[in-house]
Amino acid sequence: MIRTRFAPSPTGYVHIGNLRTTLFEYLFARKNNGVFIVRVEDTDQERSVTGALESMLKTLAWAGIVPDEGVMLEPGDLGEGDRVVQKGNFGPYIQSERLNAYKKYAQVLLDTGFAYYAFDTAEELNAMRENQQARKVATKYDRTRMRNQLTLTPEEVTILLASDAERVVRLKVPDSGEVSFDDIVHGKTVFDVKEIDDQVLIKSDGFPTYHMAVVVDDHLMEITHVIRGDDWISSTPKHLLLYQAFGWTPPIYAHVPLILNADKSKLSKRQGDVAVEDYQKKGYLAEALVNFIVFCGWNPGTAKELYTKDELIKDFSLEKVSKAGAVFNIDKLNWYNKEYLKSLPLDELVSRALPFFMNVPFYEKFEPQIANEGAWFGSVLSLERERVTTLAELPEAVKFVFELPEYQKELLAWRKGTVEEARKILPELKSFLEGFSDDDWNKAALEHKVGEWIAAKGYTTGSALWPLRVALSGQQNSPGPYEIAEVLGMEESLKRIEAGVMSLGA
Ligand code: GLU
């Protein structure tokens, strides 16, 4: 059974690169009928943020990623909202609740001689590093010169352990040899153990380091595939040494490329939005962001670019993940978002767009109408859905439907025509439109009949439709006049045309 995991630290937001890596973990598990687990790595106590977990899990759920096991959200009773729960037979899934397991396994390593206590103070460690730098040798824990279980007598160690002296547990890295592994993305990867430090496994506060916790947990939780960013690749030999020391079989590794800025630097907060939540707030659709981000590092090798989640599950493979860093291209994300906006079912468009209208001044006034006439609101949004890039742009884009903007009468003149011409044609067109019945007032009928009228009058299309469109929208640029007229309805349309006629002084 394939078991993958997402192991976030509770920072409070989901980094866009983590979303991508998590999707790889999730898709790979789904494709292979495996289990996708969320485990929380909160042993770095300074970094933990209260409430962070809940919002991170909500963000994952928004992106369609729901864990099978581990830390997840469950609807609370009595409508009290979601709450964070842990489910599965390998729990707890929050590392700060697993301290006994790390202590137990650290003791195993101490007993078997694969780890040792060290009692050095921060000052002593600094002095060691300065000394090494002065000698131009690699800065590494020097187990032969420092104060630890290997240099002190057993009596001295016993006394120190019984005292309140600070102590850490360090891994005793072999003096020579190689550690290698077959990475799914990078192929055979070899490290010389000389490059590896005697890393700390248990810190002086009693908490495990990432290296210790990740190995113990991946093993105990029976993780089969560790899929993570390739910034962790240099940690892998340390993990493999731990697996060796424990006599455990390591998981299979796939180190996936980082997401980069256009200048190939690591995507960081300084360069723009890195939190998934930022994109959510900006009105990107989850489907678009997911489709876009999966392509940052993965390429199926075909021309197909639009993938539903089910299609991704079907076609995803780690073998098609590239080694090279993936550049985050916002234009491509915008293209995806526009594509998904176009094809979203109308009721979905309405429910996804509504939150973006909540703080918009005109919304309050029209709220009852919008609430009662969902289909009408859908047609309002339809006017602009192909003209905007994100949901957040919709309120401003459709505002003219709710409130006719003020405009100068000169705007009614077509670029190839004059104000005088508009002053002649618009009133005539208005009289013609007054002859319509409410039932006829739709895009198709208007297009047909007004088209015939224009031809019969011998006017150019622009000279009639430009002033009509401006009168209806009050804007230089807008959707076509027939679409707007249908959405506004006959009464409001005629009112606006009348206002245009008045402003021309006709
Ligand atoms: N907790 C690590 C992180 O924050 C997880 C790294 C791993 O997947 O091993 O990214």
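Let me start with Arg145, which is exposed, with a relative accessible area of 59%. Keep in mind that this is a predicted model. Arg145 counts as exposed because its relative accessible area of 59% is over 50%. You will find Arg145 in the loop between helix H4 (122-134) and helix H5 (154-162). Its side chain makes a polar contact with the side chain of Asp142, at 3.1 Å. Leaving aside residues up to four places away in sequence, Arg145 touches Arg135 and Thr151. Along the chain, Arg145 and Met128 are 17 residues apart, while in space their C-alpha atoms are 9.0 Å apart.

Now to another arginine, Arg3. Is Arg3 buried or exposed? Arg3 is buried, with a relative accessible area of 6%. The cut-off for buried is under 20%, so Arg3 at 6% qualifies. Arg3 is in strand S1, which covers residues 3-6. What does the side chain of Arg3 reach at 3.4 Å? The backbone oxygen of Glu222.

Next, the charged pairs. Side chains of opposite charge can pair when their charged atoms come close. The count here comes to 32 salt bridges. One of them joins the side chains of Arg83 and Glu74, 2.9 Å from N to O. Arg83 is partly exposed, at 33% relative accessibility.

In one, the side chains of Glu420 and Arg423 meet at 3.8 Å, N to O. Why are these two about one helical turn apart? Because Glu420 and Arg423 are 3 residues apart in helix H16 (residues 419-434). Arg423 is partly exposed, at 29% relative accessibility. In the other, Lys424 pairs with Glu428, and the closest N and O atoms are 3.3 Å apart. Lys424 and Glu428 are both in helix H16 and sit 4 residues apart, about one turn of the helix.

On to the nonpolar residues. The largest nonpolar core has 156 residues, and Phe402 and Leu433 touch the most other members. Helix H1 (residues 16-31) gives the largest share of this core, 8 residues. A second, separate core has 8 residues, among them Tyr116, Ala118, Met128 and Tyr141. Going back to Phe402, its contacts include Phe362, Phe366, Trp376 and Arg496, not counting residues up to four places away in sequence.

Last, the cavities. How many cavities of 30 Å³ or more does the structure hold? There are 2. The largest cavity has a volume of about 40 Å³. Leu433, which we met in the core, is one of the residues lining the largest cavity, and the lining also includes Trp441, Tyr482 and Ser493. The elements that give two or more residues to this lining are helix H17 (443-457), helix H18 (461-473), helix H19 (481-488) and helix H20 (490-504).

Key: Residues numbered from 1 in each chain as written. Predicted model: local features only at pLDDT ≥ 70, side-chain atom pairs only at ≥ 80, totals over all residues. Heavy atoms only, no water. Buried < 20%, exposed > 50% of the residue type's maximum accessible area, 1.4 Å probe, protein only. Polar contact = N/O pair within 3.5 Å; in protein donor to acceptor, adjacent residues only side chain to side chain. Core = buried A, V, L, I, M, F, W, Y, C linked by side-chain atoms within 4.5 Å. Contact = heavy atoms within 4.5 Å. Salt bridge = Lys/Arg side-chain N within 4 Å of Asp/Glu carboxyl O. 1 Å grid on protein atoms, 1.4 Å probe; cavity = no way out; pocket = protein on both sides within 12 Å on 5 of 7 lines; lining within 4 Å. Points joined across faces, edges and corners; volume = space filled by probe spheres on them.
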